[in-house]
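Hi there,

Here is the structure I promised to pass on.

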Amino acid sequence: MATDYDAPRNKNEDEGNESIEALKAARSNQTAAVETEDADNPSIVLGGNDLSNVELDVVVLPPQQDEFTCMSCFLVKHRSQLDHQEAVGPICKDCAA
């Protein structure tokens with residue numbers, strides 16, 4: 001059966017008659033379930049807060065002597081993960097497989 005997506009929708013069929021308060025309550029219940037889902041691995045719940053004024057401190061280390069950047073996946077890997085050297089540069093074992 002073909003569906004005309006440009007045709008106006010019938011509100012009674014598609015959306016139902018739920019109030020905004022009911023939708024907000026359902027969302028808060030859903031959020032609470034997600035927050036308590038994995039107690040062993042805590043996650044950061046932002047909750048829609050404005051974080052535009054928050055600065056993150058990130059320390060960027062220069063490349064170490066025993067590291068290389070794979071020219072296929074562009075990840076920094078330890079020299080033990082080096083598979084071979086190509087014309088473009090080093091390739092890791094994961095990308096060579």
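Cysteine 70 is buried, at a relative accessible area of 0%, where buried means under 20% relative accessible area, exposed over 50% and partly exposed in between (1.4 Å probe, protein chains only). Before you go further, please keep in mind that this is a predicted model, in which local features need pLDDT of at least 70 and side-chain atom pairs count only at pLDDT 80 or more, while totals for chains, interfaces and linings use all residues. Residues are numbered from 1 along each chain as its sequence is written, and side-chain values use heavy atoms, with hydrogens and water left out.

Back to the cysteines. The structure holds zero disulfides, a disulfide being a pair of cysteine sulfur atoms within 2.5 Å. Cysteine 70 is accordingly in no disulfide, and its nearest cysteine sulfur, that of cysteine 73, sits 3.7 Å away. What about cysteine 92, is it buried or exposed? Cysteine 92 counts as buried, with 0% relative accessibility. Its closest cysteine sulfur belongs to cysteine 95 at 3.6 Å, which is too far for a bond.

Now the overall layout. The chain has three helices and four strands, and along the sequence they follow the pattern α-α-β-β-β-β-α. Helices (H or I, at least four residues) and strands (E, at least two) are DSSP runs, numbered from the N terminus. Of the 97 residues in the chain, 7% are buried. The accessible surface of the chain comes to about 9200 Å², and 51% of that belongs to carbon and sulfur atoms. These areas come from the Shrake-Rupley method with a 1.4 Å probe; for residues, only the protein chains shown count as cover. Among contacts between residues at least 6 apart in sequence, 4% join residues at least 24 apart, with contact meaning heavy atoms within 4.5 Å.

Which residue would I look at next? My pick is lysine 77, which has its place in strand S2 (residues 76-78). Lysine 77 is buried, with a relative accessible area of 15%. Leaving aside residues up to four places away in sequence, lysine 77 touches Asp66, Glu67, Phe68, Cys92 and Asp94.

How many salt bridges does the structure hold? The structure holds one, where a salt bridge is a side-chain nitrogen of Lys or Arg within 4 Å of a carboxyl oxygen of Asp or Glu. Lysine 77 forms a salt bridge with aspartate 94, and the closest N and O atoms are 2.8 Å apart. Since lysine 77 lies in strand S2 and aspartate 94 in helix H3 (residues 93-96), the pair ties together parts that are 17 residues apart in sequence. Side chains of opposite charge can pair when their charged atoms come close. While lysine 77 counts as buried, aspartate 94 is exposed, with a relative accessible area of 53%.

One backbone detail deserves a glance too. Most residues other than glycine have a negative phi. Phenylalanine 74 has a positive phi of about 60° although it is not a glycine. Phenylalanine 74 is found in the loop between S1 and S2 and is exposed, at 56% relative accessible area.

Finally, the loop between H2 and S1. Valine 54 lies in this loop, which runs between helix H2 (20-35) and strand S1 (67-69), and valine 54 is partly exposed, with a relative accessible area of 47%. Together with Leu51, Leu56, Val58 and Val60, Val54 makes a nonpolar surface patch of about 550 Å². Patches are made of residues with over 30% relative accessible area and no salt bridge: like charges are joined within 9 Å, nonpolar side chains (Val, Leu, Ile, Met, Phe, Trp, Tyr) within 5 Å. Proline 63 is also found in the loop between H2 and S1, and at 74% relative accessibility proline 63 counts as exposed. The C-alpha atoms of proline 63 and valine 76 are separated by 8.4 Å, with the two residues 13 apart along the chain.

Best wishes
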